[in-house]
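Subject: Handover of a structure

Dear colleague,

I am passing on the structure below, and I would be grateful if you could look it over alongside my notes, which follow it.

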Amino acid sequence: MNIGRLILRKCIAVGGSRNITSKAYIASSTYIENKHEGKSAVPALSKSLIKSMHLQPLLRHQHEQLMATVHLECKASKKRKKRSVGKTELLAMGFYNVTAYTTAEEYDLESLLDALREQKLYEAKKFFSTDNLGLEQDVLYVTAKYQVGEEVRDIFFFREGSVVMWNFSEIEINNVLAFLKPFEKDRYLQPLIRSESEIMPYTYVPSSAIDVEGDIVPTEDVISAFFQTGKFFLISNADNFLPKYTFSNALSTSIKLGIWEATLDRYINSMEFITDDMKKGRRIRMSRAEVLRKTGELLALRHAINLSSDLLDTPDFYWDREQLERLYVQVCSYFAVSRRTKVMNEKINHCVELAELISHNLNEAHNTRLEWMIIILIMIEVCFEILHYIDRYYGKDVVAYDDKDNIVKPAAVH
């Protein structure tokens with residue numbers, strides 16, 4: 001995708017200045033002239049473009065969604081490769097694909113279940129709670145009614161806004177994502193949804209031929225599924241609901257964390273011009289209301305990561321399911337969920353310190369203005385008192401003159 005052209009088209013749409021449009025044109029031209037060099041040059045130019053947009057108050061306030069889109073398109077060029085083997089090669093080796101997306105903050109699973117029943121394309125198998133208390137059903141498991149090929153097609157819908165599809169084609173994935181839109185709450189940007197998706201291979205193996213490491217063994221004491229070298233292995237001719245749920249749960253956790261990472265990156269990018277201003281001794285170009293809103297975004301993100309998710313600990317669902325817990329931990333380790341969570345918390349702590357510093361600086365400036373206003377008001381009051389004093393003690397007697405400028409009689413002024 002030509003990122004430069006995308007930036008140029010979007011910044012023209014919002015009426016960007018000549019400086020901004022020029023940067024987009026340079027990014028586009030660089031990509032066209034040398035595709036290999038463009039991949040490294042375009043993100044840097046686009047970063048400069050976003051910074052320039054922040055310097056314009058109108059664009060900063062009214063087009064933050066556009067800047068987030070541009071930032072995500074630039075980030076996509078640096079996104080890590082998820083696997084080295086292509087889809088065609090994996091299919092030839094007997095592997096299928098499991099695809100995971102997170103599209104919104106939350107799904108209305110009850111309404112979604114009713115809509116699926118009316119659609120009659122998927123059959124609801126389970127609608128269950130992963131909480132030990134069972135207070136709320138937060139996972140919906142459905143299977144396609146019409147089979148395409150030998151392998152079944154399953155979907156796991158998670159209330160926190162993630163969907164994991166097993167053995168789905170690209171066309172059917174797009175249809176499912178479009179079908180989900182009416183049941184989404186606080187939908188994410190489309191580039192963010194696409195860039196933070198995951199595709200993993202899975203296959204089936206005979207139950208008598210594997211152990212936890214995937215080695216060939218002659219014993220019948222085997223597990224139901226395992227994860228190795230970035231691939232899911234399920235047992236053929238067995239009930240794979242729980243292993244599939246475990247893999248799906250770990251995948252949804254990873255991509256949800258990816259969404260939060262992208263949100264934090266966007267926040268850091270939006271605050272970069274502030275650090276430049278502070279470094280160069282310029283006035284901070286943010287109001288106290290904006291700083292308060294930015295601080296609220298940080299605290300909401302910290303709450304989502306540390307309090308509203310299972311990133312810091314293994315979910316309670318696996319408390320008495322040791323085999324599934326090992327699978328879950330193994331997949332999360334593959335996606336470095338713990339390390340990424342720790343890095344995110346470190347970044348958030350730094351951003352909180354910056355927001356507090358900016359807020360303290362703006363509060364001091366505000367207090368200074370209030371002090372000067374009070375001083376000016378006091379000076380005005382003093383001036384009035386001086387005028388009253390002069391009028392009271394030096395304006396009592398007024399001398400009257402006749403036509404020849406002779407003093408006639410002092411007149412008292414009341």
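I begin with Thr102, which is buried with a relative accessible area of 1% (buried means under 20% relative accessible area, exposed over 50% and partly exposed in between, with a 1.4 Å probe and protein chains only). Please bear in mind that this is a predicted model, in which local features need pLDDT of at least 70 and side-chain atom pairs count only at pLDDT 80 or more, while totals for chains, interfaces and linings use all residues. Residues are numbered from 1 along each chain as its sequence is written, and side-chain values use heavy atoms, with hydrogens and water left out.

Thr102 belongs to strand β1, residues 96–102 (helices, H or I of at least four residues, and strands, E of at least two, are DSSP runs numbered from the N terminus). Its side chain reaches the backbone oxygen of Gly161 at 3.1 Å, and the side chain of Thr102 also makes a polar contact with that of Lys256 at 3.5 Å (a polar contact is a pair of N or O atoms within 3.5 Å; within protein, one must be able to donate a hydrogen and the other to accept it, and residues adjacent in sequence count only if both atoms are side-chain atoms).

Turning to the aromatic residues, the structure holds 23 aromatic pairs (rings of Phe, Tyr and Trp, the last by its six-membered ring, pair if their centres lie within 6.5 Å; planes under 30 degrees apart count as stacked, over 60 as edge-to-face and the rest as tilted). One of them is the tilted pair of Trp166 and Phe232, with 6.1 Å centre to centre and 35 degrees between the planes. Trp166 lies in strand β6 (residues 162–166) and Phe232 in strand β10 (residues 231–235), so this pair ties together parts that are 66 residues apart in sequence. Both Trp166 and Phe232 are buried.

The rings of Phe227 and Tyr334 have their centres 5.2 Å apart and their planes at 75 degrees, so that pair is edge-to-face. Because Phe227 lies in strand β9 (residues 225–228) and Tyr334 in helix α13 (residues 322–334), the pair ties together parts that are 107 residues apart in sequence. Phe227 is buried, at 4% relative accessible area, whereas Tyr334 counts as partly exposed at 37%.
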